[in-house]
Structures are given as structure tokens and as C-alpha cells.
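Take a look at the sequence and the 3D structure below. This report walks through a few of the strands and residues.

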Amino acid sequence: VSLAAHCGSNDGFVKTWYDQSGSANDATQTNTASQPKIYDAATGVELTNANPAVFFDGSDDNLVSPISTTQPLSVFVICEIRTYSSVNYLFGSGVVNTDNVFIGNNTSNNWRYFAGTNVNTSTTTPLAQTLMTGVFNGASSALYGDSVLIDSSNVGTNGINNLYVGSKNDTTAGVNGTLQAL
């Protein structure tokens, strides 16, 4: 059944983003008010560059996966930040005041990443579709945008303990934009 047929004249939201690896690390959101949108009743399927995308409203939308892993680890995110806010978090791990790992932008709209040590880059976050790659490996960590090195720094050695898709943690506002893959 197509999204249009399923949703009809209503908006459609994502309750579960299924893990395609076969590891059953599905990302879910049971609170309907915090589910990201995949279908808009007025405009149809959420799209970024003519491809389906999941829209996060920047206030309270996120999905949570039980993934738990240590460094070294790499994270790949296809995203489009639509509006600058004070911060936009593509993903994060942990709970308030005990953040483990995240990629987002700072209040100057520059990329930043974290795994125990916050690193702010001088590269402006584009308002366009971007493939972000975070390589988290202690002193050998790196952040890439569309395969171009943005920064290499020591961002710390934290691992992931519960992955928040579309936000930094369970209560922090997230990305105002779309994600297509993580």
C-alpha cells in the first residue's frame, strides 16, 4: 500500500524506523506527538532532492534505538537542515548531562561533534542535502561533509548507549530538517 493510500487526507508519521542490518536495533517513538513526519496531507511524501525523507520538526521529534557500542565507530547520516535554530542535532546518545556522542551544529551554525570533548568547527552547516560522516576514534576522530574532511580532532572516547535519531538525547530539541539514512 502506498503512503498516499495509507494516509489518505491525514499526515503520516514514523513510529518505527526499521534496522536494515538484521540486528533488530529498530528506532522507535511511541509518543505520537514526538514522531517525525513522512507524509504531509497537503503536499504528499516528504522529499529531499526528489527522494523520500523523514521530517523532524526541531522541537521534540526523535526515534530511539537500543544500540550500544564502543569506539572505534563510524556514523553516516544523509540529512538536510531546513532552518537554523540555536542548535540542530542529527543524532545523539545518552541522557541529559551525560551525553555520549553527537553530531550537530552550534549557535554559530557551524558543524560540531562530541564523544566526551566538544569540538566546534569553522565550517558552516549548509541548508542543503549533505552526507555527514563521523569517525569516532579518540584522538583520530574526524568529521566529513559530502566526503570532504571538515575536521580531525580528539573528540573523546565515549561510545553510544541508546541512539537518538533526530535529536541529541531524550529531552533536547533536535534537527529541523530531514534525514534519509542513518
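Which residue in E18 does Gly 92 stand opposite? Gly 92 stands opposite Tyr 164. Keep in mind that this is a predicted model.

## Strand E18 and its partners

Strand E18 covers residues 160-165. One of its partners is strand E9, residues 63-69. Five bridges link E9 and E18, and the two run antiparallel. Ser 65 has its bridge partner in E18: Leu 163.

Strand E11 spans residues 88-93. E11 also pairs with E18. Three bridges hold this pairing, again in antiparallel fashion.

## Leu 90

Now turn to Leu 90, a residue of strand E11. Is Leu 90 buried or exposed? Its relative accessibility is 0%, so Leu 90 counts as buried.

Leu 90 can also be placed relative to Phe 102. In sequence, 12 residues separate Leu 90 and Phe 102. In space, their C-alpha atoms are 7.5 Å apart.

## Cysteines

A disulfide is a covalent bond between the sulfur atoms of two cysteines. How many disulfides does the model have? The count is zero, using a cut-off of 2.5 Å between cysteine sulfur atoms.

Two cysteines can be checked for burial. The cut-off for buried is under 20% relative accessible area. Cys 7 has 9% relative accessibility, so Cys 7 counts as buried. Cys 79 has a relative accessible area of 2%, so Cys 79 is buried too.

Key. Residues are numbered from 1 along each chain as its sequence is written. This is a predicted model: local features need pLDDT of at least 70, side-chain atom pairs count only at pLDDT 80 or more; totals for chains, interfaces and linings use all residues. Side-chain values use heavy atoms; hydrogens and water are left out. Two strands pair if DSSP finds at least two bridges between them. Helices (H or I, at least four residues) and strands (E, at least two) are DSSP runs, numbered from the N terminus. Buried means under 20% relative accessible area, exposed over 50%, partly exposed in between (1.4 Å probe, protein chains only).
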